[in-house]
Amino acid sequence: MLSVVTFLPLLVCVVLLLLPRSLPDRAWVRIWIATAAADLALVIGLWAGFDTGGGMQYEQRARWIPSAGVGYHVGVDGLSLPLVALTCLLFLAVAGYSLRESRRVRSYVCLFLFLQTVAIGLFVALDLILFFVFFDLSIVGMFFVIAGWGHGERARAAAVKFFLYTFVGSLALLLGFIGLYLAADPHTFDITDLARADPLAGRGPYAGLVLLAVGVGLAVKTPTVPFHTWLPPAHTDAPAAGSAILAGVLLKMGTYGFVRIAMPLLPGSWRRYALAIVVVGAVSVVYGALVALAQTDFKRMIAYTSVNHMGYVVLAVGAAGTLAGTDTQARALAVTGAVTQMVSHGLITGALFLLSGVLYDRGRTYAMDAYSGLAAHAPRFAAVTAVAAFASLGIPGFSGFIAEFQIFTGALASRTVATAIALTGILITAALFLTALRRMFLGVPRLPGSVPAGGIADLDRHEALPVVALLAAALVIGVLPRWLLDVIEPAGRTLTGLVAR
């Protein structure tokens, strides 16, 4: 069933490529919506049958390249199942939002179906080469989304920068994977076998180099400071749907790689360099928030908040390494908070990027100074944007608060100073979102010159429903988090046990 969930979107993509081009634009998108809904229903079925204390489940193995120790091995546990569910929900929301798309719609839909298979495939992969294949294919798919449906010539330049940066990161990742393979006896790329064997135990310098290669590859994808410079132009010039998937799903490939690969397969090196990882996380939190505060472009501001929010994840997983051998509960809490933050960021930031697309469609600019008093012209848009902004800054009642509370509680037990510094990121995030809301929605009404004399149109049903669905999911997690935490916590304890070996 897990393979069906993974490859159903790709199968539909192939079928669509065989259909005549004469179908109406909305017919292509409706097929995508039906496919995404079916995939989400299948994942709900997987969730319903998931044993929270059962470890890796729904596993499937098949021989692929046996002479090189490569196999098709997939499965889910409490670290990956929430991200698979997030992927299916976010792609369904983006499909609904895309009903208004009119440019080369068949190609657009097929690219997103391809990306959905790639994203799910990475989160269920339990073989390093299989993980790498999906990791690289995500770069290819998003390159074409940005270049083909972005905003003009700048989009093509942003797509090239995105591709080159992340492709270099993937090469570093591959070198790290080969280092793990060569250290294993017998040689294998299987993640579960490598986690049990700990092939780099006692091999300090060599293990450190492998962690460096894996860490750089994942840090570029996350991205953390100083590997983040590809992110703002990629987001700013991508279509809104592409930005939502890039931030909501593709960035999680980096942070997920830390908890699935770097921590359990390189536990000794992870503990040894945990302080450096904590520092990178804290710097990313504060730097991302400060640079976001300085932005005058609404979409670019949201892009820099992703650096800030992913910094919380890196801070948490680094703290789990510094706590090894001491406070078991704090270590598990930090990891649980990190995975919850991945889910929360995907929901809330995905909604914010879709809202930025609405803003651009109305005024043809993201410049916040071009707008004022929007609440008078578009009250629904103002209200939904305000809810998304408050959810992003971690207000109680939404998923961001649950995630950040766990991260800070777990991290404070070992890295008090770094965590206290990172706490300032919450204050800066609050300042930047409140400033943006004041600039655009309050004051004397002012609109860009490109807006018709009749004023700016408010959110319509096709735009509002996907955004509200994502924010509703964040609200459910914020008010009733137990159903999610019960899945993540046992896997978090297992992971911290592997790191503490």
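In the predicted model, Val 70 of strand 2 is the bridge partner of Ile 65. Strand 1, which spans residues 57-65, pairs with strand 2 in the antiparallel sense, and six bridges join the two. The hairpin that they form has four residues between the strands, and Gly 69 in this hairpin adopts a positive phi near 75°.

In a regular strand, side chains alternate between the two faces of the sheet. In strand 2, Val 70, Tyr 72, Val 74 and Val 76 point one way, whereas Gly 71, His 73 and Gly 75 point the other way. The residues of both sets are all buried. Strand 2 (residues 70-76) is therefore largely enclosed by the rest of the structure, since seven of its seven residues are buried.

A buried position was also examined in a helix. Thr 117 lies in helix 4, which covers residues 105-124. Thr 117 counts as buried because its relative accessibility is 2%, under the 20% limit. The side chain of Thr 117 reaches the backbone nitrogen of Leu 10 at a distance of 3.0 Å. When residues up to four places away in sequence are not counted, Thr 117 touches Thr 6, Phe 7, Pro 9, Leu 10 and Phe 134.

Rolling a probe the size of a water molecule over the atoms shows where empty space is left. Five cavities of 30 Å³ or more were counted in the model. The largest cavity holds about 60 Å³ of space. Its lining consists of His 309, Gln 341, Ser 344, His 345, Ile 348, Thr 349, Ala 391, Ser 392, Gly 400 and Glu 404. At least two residues of this lining come from each of helix 15 (328-363), helix 17 (379-392) and helix 18 (399-412). Helix 15 gives the most, with five residues. By class, seven of the lining residues of the largest cavity are polar, two are nonpolar and one is charged.

The second largest cavity contains about 40 Å³ of space. Ala 292, Leu 293, Gln 295, Met 301, Met 368, Leu 432, Thr 435, Ala 436 and Arg 439 line this cavity. Helix 13 (274-293) and helix 19 (416-441) each supply at least two residues of the lining of the second largest cavity, and the largest share, four residues, comes from helix 19. The lining of the second largest cavity comprises six nonpolar, two polar and one charged residues.

Methods:
Residues are numbered from 1 along each chain as its sequence is written. This is a predicted model: local features need pLDDT of at least 70, side-chain atom pairs count only at pLDDT 80 or more; totals for chains, interfaces and linings use all residues. Side-chain values use heavy atoms; hydrogens and water are left out. Buried means under 20% relative accessible area, exposed over 50%, partly exposed in between (1.4 Å probe, protein chains only). A polar contact is a pair of N or O atoms within 3.5 Å; within protein, one must be able to donate a hydrogen and the other to accept it, and residues adjacent in sequence count only if both atoms are side-chain atoms. Contact means heavy atoms within 4.5 Å. On a 1 Å grid over the protein atoms alone, a cavity is a set of points where a 1.4 Å probe fits but cannot get out, and a pocket is an open set with protein on both sides within 12 Å along at least five of seven lines; lining residues have an atom within 4 Å of a point. Grid points are joined across faces, edges and corners, and a volume is the space filled by probe spheres set on the points. Ala, Val, Leu, Ile, Met, Phe, Trp, Tyr, Cys and Pro count as nonpolar, Asp, Glu, Lys and Arg as charged, and the others, Gly among them, as polar. Two strands pair if DSSP finds at least two bridges between them.
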